[in-house]
Amino acid sequence: MPANPHHGRRILAIWFVLAAIATPLVVLVGGPHLPPQDATVQAEHQQQINTILAGVVTPISLAIIVYSLYALVTWRSRQSDAGADGVLLRGDRKVVTWWIVANVIIVVGVVAYGTYDWIGPGVGSGSAQGPTPLARPGGEKPLEVQVIAQQWQFTFRYPSYGGLATPELMIPEDRYVEFHVTSLDVVHSFWAVSLGVKADAVGGADNVVYVRANEPGPFRVQCSELCGLYHGQMYQVTSAVLTEADFAQWIAKQQQTYSDIVPDLPPYAHVYSPTPVNLAG
C-alpha cells in the first residue's frame, strides 16, 4: 500500500459533506416521526432524546461507512499482489487517543443529558421507579390510578373515587396521572405505547410512573413481558385521554355501573396477596 498523505484528507472531506447533508435530514425530517410522538409530556421528551441520539449516531455511522468503503476501494488487494502479505500495522497512538477521547465525550454527554431530562423539574419519568420515585412532577397533586395485571388482562382502580375498579382506562387531559403498577400473579409489563409510559407489573411490588397527556384521544395498552400462553392477547383498546368534563361523566357512569361490586372488592392497597382457593396438603 503506497503511502499517500492525502488519503486522510479525502476521507475527511467525503465524510464531512455526507454528514452535513444527512444529519440535518435525520434530525429535522426524520426526528418528528420518531416514536413515541408527542401525545404526552413524557413522550415529547423521549422523542426529543431519540432525535438527539439519531443526530449523534448519524455522523458516527457515516464515518465508519465512509472509511470502510474507501479502504475497500483504495487498498484492496490487486491481482499482482496475490499471495503477498499486507503491511504490518502496529496501531497509531494519535488515532487511538482521539478515538477514546471522542467516545468518552459522546457517551458522557448523552448520559448526562438523558439523566437531566429524566429527572428535570416538572417532567417526571415515563418509566417505572419503584414505590419511591426519584423523579416526581411538580405542581398539583396527580390523579392516582392503579394498574393491576393478571393473566391475561388489566384492571384499573381509582382510589380517589371510592376505590372504583374498571376494565377500562380513561385519564383526563392536561393533568398528571400517577400510575401504581402491580400484579396478582406472574410478571407482566404495562405499556401505554403512544403515551411513552412503561412499567413492569410484579407481584408484591408497587412501580410508580407518571404521565401528563397533551390532548384527548385514544391510546393502546399492552403487556410487553412474556407472561404465558395468551400474552399476545393481553392488550387494552378501550383506553383514552378525555377532557375534564368527559372524564367526570365517564367516572360517574363507571361508579353507577359497578356500584354493586365495590363493597366486595378488597380494600385499596398498592399491592395485593390473593389467598389461594385450595391450599396444598
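The accessible surface of the chain comes to about 16,800 Å², and 63% of that area belongs to carbon and sulfur atoms. Accessible areas come from the Shrake-Rupley method with a 1.4 Å probe, and for residues only the protein chains shown count as cover. This is a predicted model, in which local features need pLDDT of at least 70 and side-chain atom pairs count only at pLDDT 80 or more, while totals for chains, interfaces and linings use all residues. Residues are numbered from 1 along each chain as its sequence is written, and side-chain values use heavy atoms, with hydrogens and water left out.

**Overall make-up**

- The secondary structure comes to 4 helices and 12 strands; helices (H or I, at least four residues) and strands (E, at least two) are DSSP runs, numbered from the N terminus.
- Of the 281 residues in the chain, 34% are buried. Buried means under 20% relative accessible area, exposed means over 50%, and partly exposed lies in between (1.4 Å probe, protein chains only).
- Among contacts between residues at least 6 apart in sequence, 69% join residues at least 24 apart. A contact means heavy atoms within 4.5 Å.

**Strand 1 and its neighbours**

- Strand 1 covers residues 143–150, and 7 of its 8 residues are buried.
- Strand 1 pairs with strand 5 (residues 176–183) in the parallel sense, over 7 bridges. Two strands count as paired if DSSP finds at least two bridges between them.
- Strand 1 is also joined to strand 2 (residues 153–158), here by 5 bridges and in the antiparallel sense.
- Strands 1 and 2 form a hairpin with 2 residues between them, and Val 147 stands opposite Phe 156 in strand 2.

**Ala 149**

- Ala 149 lies in strand 1, where it stands opposite Ser 183 of strand 5.
- With a relative accessible area of 0%, Ala 149 is buried.
- Leaving aside residues up to four places away in sequence, Ala 149 touches Phe 154, Thr 182, Ser 183, Leu 184, Asp 185, His 188, Ala 201 and Met 234.
- Ala 201 is 52 residues from Ala 149 along the chain, and the C-alpha atoms of the two are separated by 6.4 Å.

- An open sheet is formed by 3 strands in the order 4-12-9, with mixed pairing.
- The edge strands of this sheet are strand 4 (169–172) and strand 9 (217–218), each of which pairs on one side only.
- Strand 4 and strand 12 (residues 239–242) run parallel and are joined by 4 bridges.
- Leu 169 has Ser 239 of strand 12 as its bridge partner.

**Nonpolar surface patch**

- Ile 60, Ile 64, Val 96, Trp 99, Ile 100, Val 104, Ile 106 and Val 108 form a nonpolar patch on the surface, together holding about 720 Å² of accessible area.
- Patches are made of residues with over 30% relative accessible area and no salt bridge; like charges are joined within 9 Å, and nonpolar side chains (Val, Leu, Ile, Met, Phe, Trp, Tyr) within 5 Å.
- Helix 2 (41–74) and helix 3 (93–119) each supply at least two residues of the patch. The largest share, 6 residues, comes from helix 3.
- Ile 106, one of the patch residues, is found in helix 3 and is partly exposed, with a relative accessible area of 32%.

**Salt bridge**

- Side chains of opposite charge can pair when their charged atoms come close.
- A salt bridge is a side-chain nitrogen of Lys or Arg within 4 Å of a carboxyl oxygen of Asp or Glu, and by this rule the count comes to 1.
- The salt bridge is formed by Asp 174 and Arg 212, whose closest N and O atoms are 4.0 Å apart.
- This pair links distant parts of the chain, 38 residues apart: Asp 174 is in the loop between strand 4 and strand 5, and Arg 212 is in strand 8 (residues 207–212).
- Asp 174 counts as exposed, at 53% relative accessibility, whereas Arg 212 is partly exposed, at 28%.

**Cysteines**

- The structure holds 0 disulfides, a disulfide being a pair of cysteine sulfur atoms within 2.5 Å.
- Cys 223 is in no disulfide, because the 3.8 Å between the sulfur of Cys 227 and that of Cys 223 is too far for a bond.
- Cys 223 is buried at 5% relative accessibility, and Cys 227 is buried at 4%.
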